[in-house]
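Let's walk through this protein together, moving from its aromatic rings to a pair of helices and then to a few loops. Keep the viewer open as you read.

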Amino acid sequence: MRYFIGNWKMFGVPKSVSILNKINSYYSKDKNRNKYKVVITPPYTLIESFSNHFKNKKISIGAQNCFQKDQFSSNTAAISSYMLKSVGAKYTLVGHSDNRGEGDTDEMLKDKVRYALKNNLKVVFCIGENKTEKKNKKTLSVLKRQLTKAMEKKFKKNDIIIAYEPIWSIGTGKIPSANELKKITIHIKKVLKGIFKKNSPAVLYGGSVDGTNVEMFKEIREIDGFLIGGASKSSKKFIDIIKNYYR
Ligand code: PEP
């Protein structure tokens with residue numbers, strides 16, 4: 001199974017559902033539709049209405065983050081996995097570099113993953129090195145640390161998706177070379193096989209993916225799909241990625 005996951009970040013209002021209607025209509029008629037899954041993570045404000053709207057449709061709705069506590073607590077403005085599940089979310093991103101940059105530590109992320117799984121959300125766990133770590137050849141060790149701090153053998157591999165997102169690539173138009181990316185994806189799967197004993201969860205790539213460069217990524221068979229930021233806010237750009245992937 002391949003994944004095309006769109007992260008809307010702080011974009012979208014109720015009428016933006018029209019973007020998803022177009023994506024859903026392509027997805028439900030696509031001859032390749034059973035080979036992949038489309039998930040969109042809109043802002044919190046839209047999760048309930050979008051989840052209801054697409055309840056019996058192909059697209060799944062997820063959240064972009066969740067709080068590191070179970071159910072309810074006195075943390076102003078926080079949203080728990082339990083609350084997300086109650087309004088229809090099926091997935092949640094955890095550890096996006098935007099949120100790591102805003103203070104999410106490895107310890108907090110471990111709790112976010114645990115509680116999300118406990119509340120029956122599938123977790124899209126984001127990892128990635130920054131520009132300095134890449135320059136200092138620390139990429140593989142950074143990724144290993146991020147994975148081993150949050151992942152546990154007892155988690156079910158089908159409830160977890162890993163998104164490798166080099167921070168220097170997000171929103172910049174810069175992407176890793178095919179060789180580099182293949183080597184890194186194999187490393188991530190090797191670390192995951194060590195944790196999950198034999199089987200690795202799906203590993204996605206994220207960072208400036210668009211309808212043109214997806215042709216290069218599809219040659220790397222180890223990549224199980226994509227986390228897409230900018231291009232997921234346009235139905236045409238998002239559909240072009242899927243179309244060109246299966247061309
Ligand atoms: C992201 O925000 O997770 C992302 C991958 O963004 P973009 O596709 O715009 O680089």
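The structure holds 13 aromatic pairs; rings of Phe, Tyr and Trp (its six-membered ring) pair if their centres lie within 6.5 Å, and planes under 30 degrees apart count as stacked, over 60 as edge-to-face and the rest as tilted. One of them joins Phe4 and Tyr36, an edge-to-face pair at 5.3 Å centre to centre with 85° between the planes. Because Phe4 lies in strand β1 (residues 2-7) and Tyr36 in strand β2 (residues 36-41), this pair ties together parts that are 32 residues apart in sequence. Helices (H or I, at least four residues) and strands (E, at least two) are DSSP runs, numbered from the N terminus. Phe4 and Tyr36 are both buried, where buried means under 20% relative accessible area, exposed over 50%, and partly exposed in between (1.4 Å probe, protein chains only).

A word on what you are looking at: this is a predicted model, in which local features need pLDDT of at least 70 and side-chain atom pairs count only at pLDDT 80 or more, while totals for chains, interfaces and linings use all residues. Residues are numbered from 1 along each chain as its sequence is written, and side-chain values use heavy atoms, with hydrogens and water left out.

Back to the rings. Phe217 and Phe226 have ring centres 5.8 Å apart and planes at 55°, so this pair is tilted. Phe217 is buried, at 0% relative accessible area, and Phe226 is buried with a relative accessibility of 0%.

The charged end of Lys233 sits over the ring of Phe11, 3.6 Å from its centre, and that of Arg114 sits over the ring of Tyr115, 5.2 Å from the centre. For this, NZ of Lys or CZ of Arg must be within 6 Å of the ring centre and within 35 degrees of the ring normal.

Now turn to two helices. How do α7 and α8 cross? The axes of helix α7 (residues 139-150) and helix α8 (residues 178-196) come within 10 Å and cross at roughly 30°; axes here are lines fitted to C-alpha atoms, for helices over the stretch in contact, and angles run from 0 to 180 degrees between N-to-C directions. On the α7 side, Thr139, Leu140, Leu143, Lys144, Leu147 and Thr148 meet Ile184, His187, Ile188, Val191, Leu192 and Ile195 of α8, with contact meaning heavy atoms within 4.5 Å. By class, this contact has eight nonpolar, three polar and one charged residues; Ala, Val, Leu, Ile, Met, Phe, Trp, Tyr, Cys and Pro count as nonpolar, Asp, Glu, Lys and Arg as charged, and the others, Gly among them, as polar.

Leu147 lies in α7 and is buried, with a relative accessible area of 0%. Its C-alpha atom is separated by 7.7 Å from that of Val191, 44 residues apart along the chain. Not counting residues up to four places away in sequence, Leu147 touches Ile127, Ile162, Ile188, Val191, Leu192 and Ile195. Gln146, also in helix α7, is buried at 5% relative accessible area. Leaving aside neighbours within four places in sequence, Gln146 is in contact with Arg100, Phe125, Ile127 and Gly128.

Finally, the loops. Ile175 is found between β6 (160-164) and α8, and counts as partly exposed at 28% relative accessibility. Beyond its neighbours within four places in sequence, Ile175 is in contact with several residues, including Tyr205 and Phe217.

Most residues other than glycine have a negative phi. Gln71, not a glycine, has a positive phi of about 55°, and Ala77, also not a glycine, has a positive phi of about 75°. Gln71 is in the loop between β3 (60-63) and α3 (81-86), and Ala77 has its place in the loop between β3 and α3. Is each buried, partly exposed or exposed? Gln71 is partly exposed, at 35% relative accessible area, whereas Ala77 is exposed at 75%.
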